[in-house]
Amino acid sequence: IKLQRSGFIMKWLITGATGKLGAQIVHHLSERVGVENVAVSVRNVEKAASLAAQGIDVRHGDFDQPETLTQAFQDIDRLLIISTDGEEATRIRQHQTAVTAAKEAGVKLIGYTSIANAAHSTNGLARTHRVTEEAIQATGIPYVFFRNNWYLENELATIEAVAQGANWLTAAGEGKVGWALQEEYAQAIATGLTLEQPQAIYELSGPLHTQAELAAAVGVVFNQSVILDQVDGTTYGARMKAAGLPDFLLPMLIGIQADIAAGTLAVESTDFETLLGRPVTTLEESVRLLLER
């Protein structure tokens, strides 16, 4: 796909391109539009040496240094802001900085990696994304929000614990999740960024499954019976602490289980398979692929 702009080839830029999701998006985007049309902005240029070696335009862009982002986003047609890590206030400030820089640089379209049902979700992570989506909408620049559901990679620690003989510990009840591999999110996002007229919002949710169904899929892959250990949030936190997880992480982990139980990730949509051009990989096959890495 080569999108023309007034006789010129378009230029795309991905932020956070040395992160796991960002690197995969850059890979798929480069395959679609050619490395010469892809730029990245990274905080540490040295970490992106392998991208520069491929012919990708590596630019310095630090979300805590606004002037670097305004410079990095120059001459960019389509920008993808990958949400940053950290606590809420920091993320919101950093995202706002990037949005402001995009407007100042004259970016023609802003993409953003959001969360399922961001505009209305009660999920503990949703406020950062809702505020960012609103900031992007307020610029008046065309936008595309990729509302990612949940990465299967987030469950890797539990899957590995089961491999060591543990039960499947959860406090998420019958809550359903649209799990998929980061690789598939990356493929879908890269495709969406190259469409001539992308939708404003893509709800990227895989087929919905409960913790029990995920545990069963893991059991099939391991060829063993996996016992589901359903507990309440307090017990879950105590077990996580006993397993050696640091105290500062416990509220977040308990909150995620509660948010899943409340159905905040139970978003049904066909957007994911529409962008992939095929069904999302089955849960069982996805677990297999995850463990083969």
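This is a predicted model: local features need pLDDT of at least 70, side-chain atom pairs count only at pLDDT 80 or more; totals for chains, interfaces and linings use all residues.

Trainee: Core first. Which residues touch the most other members of the largest nonpolar core?

Mentor: Phe-146 and Leu-204 do. That core has 34 residues.

Trainee: Which elements give two or more residues to this core?

Mentor: The strands are S3 (12–15), S4 (38–42), S8 (143–148) and S12 (201–204). The helices are H1 (20–33), H7 (182–194) and H11 (271–276). H7 gives the most, with six residues.

Trainee: Back to Phe-146. What is Phe-146 in contact with, leaving aside neighbours within four places in sequence?

Mentor: Among its contacts are Leu-80, Tyr-112, Thr-113 and Ser-114. Ala-188, Ile-189, Gly-192 and Leu-193 are also on the list.

Trainee: How many residues are in the second, separate core?

Mentor: That one has 23 residues, including Leu-152, Val-177, Val-226 and Leu-283.

Trainee: Now Arg-147. Where is Arg-147 placed, and is Arg-147 buried or exposed?

Mentor: Arg-147 sits in strand S8. Arg-147 is buried, at a relative accessible area of 6%. The cut-off for buried is under 20%.

Trainee: And what is Arg-147 in contact with, beyond its neighbours within four places in sequence?

Mentor: Its contacts include Ser-114, Ile-115, Ala-116, Asn-117, Ala-118 and Ala-119. Glu-133 is another. Ile-201, Tyr-202, Glu-203 and Leu-204 are on the list too.

Trainee: Switching to rings. How many aromatic pairs does a search of the whole structure find?

Mentor: Four. One of them is Tyr-143 with Phe-145, a stacked pair. Their centres are 4.4 Å apart, with 20° between the planes. Tyr-143 is partly exposed at 22% relative accessible area, whereas Phe-145 is buried at 0%.

Trainee: What about Tyr-185 and Phe-272: why is that pair tilted?

Mentor: The planes are at 40°, so the pair counts as tilted. Stacked needs under 30 degrees and edge-to-face over 60. The ring centres are 4.9 Å apart. Tyr-185 lies in helix H7 and Phe-272 in helix H11, so the pair ties together parts that are 87 residues apart in sequence.

Trainee: Helix packing next. At what angle do H4 and H5 pack?

Mentor: About 20°, with the axes 10 Å apart. H4 covers residues 88–105 and H5 covers residues 126–138. The two are therefore roughly parallel to each other. H4 passes H5 in a right-handed crossing.

Trainee: Which residues make the contact?

Mentor: From H4, Glu-88, Arg-91, Ile-92, His-95, Gln-96 and Val-99. From H5, Arg-127, Thr-128, His-129, Val-131, Thr-132, Ala-135 and Ile-136.

Trainee: Where is Asn-223 found, and what is its phi?

Mentor: Asn-223 is in the loop between helix H8 (211–222) and strand S13 (228–230). Its phi is positive, about 55°, and Asn-223 is not a glycine either. Asn-223 is exposed, with a relative accessible area of 72%.

Terms used
Residues are numbered from 1 along each chain as its sequence is written. Side-chain values use heavy atoms; hydrogens and water are left out. A nonpolar core is a set of buried Ala, Val, Leu, Ile, Met, Phe, Trp, Tyr and Cys residues joined through side-chain atoms within 4.5 Å. Buried means under 20% relative accessible area, exposed over 50%, partly exposed in between (1.4 Å probe, protein chains only). Helices (H or I, at least four residues) and strands (E, at least two) are DSSP runs, numbered from the N terminus. Contact means heavy atoms within 4.5 Å. Rings of Phe, Tyr and Trp (its six-membered ring) pair if their centres lie within 6.5 Å; planes under 30 degrees apart count as stacked, over 60 as edge-to-face and the rest as tilted. Axes are lines fitted to C-alpha atoms, for helices over the stretch in contact, and angles run from 0 to 180 degrees between N-to-C directions. Angles under 35 degrees count as roughly parallel, over 145 as roughly antiparallel, 65 to 115 as roughly perpendicular and the rest as oblique. A crossing is left-handed if the near helix is turned anticlockwise from the far one by less than a right angle, and right-handed if clockwise.
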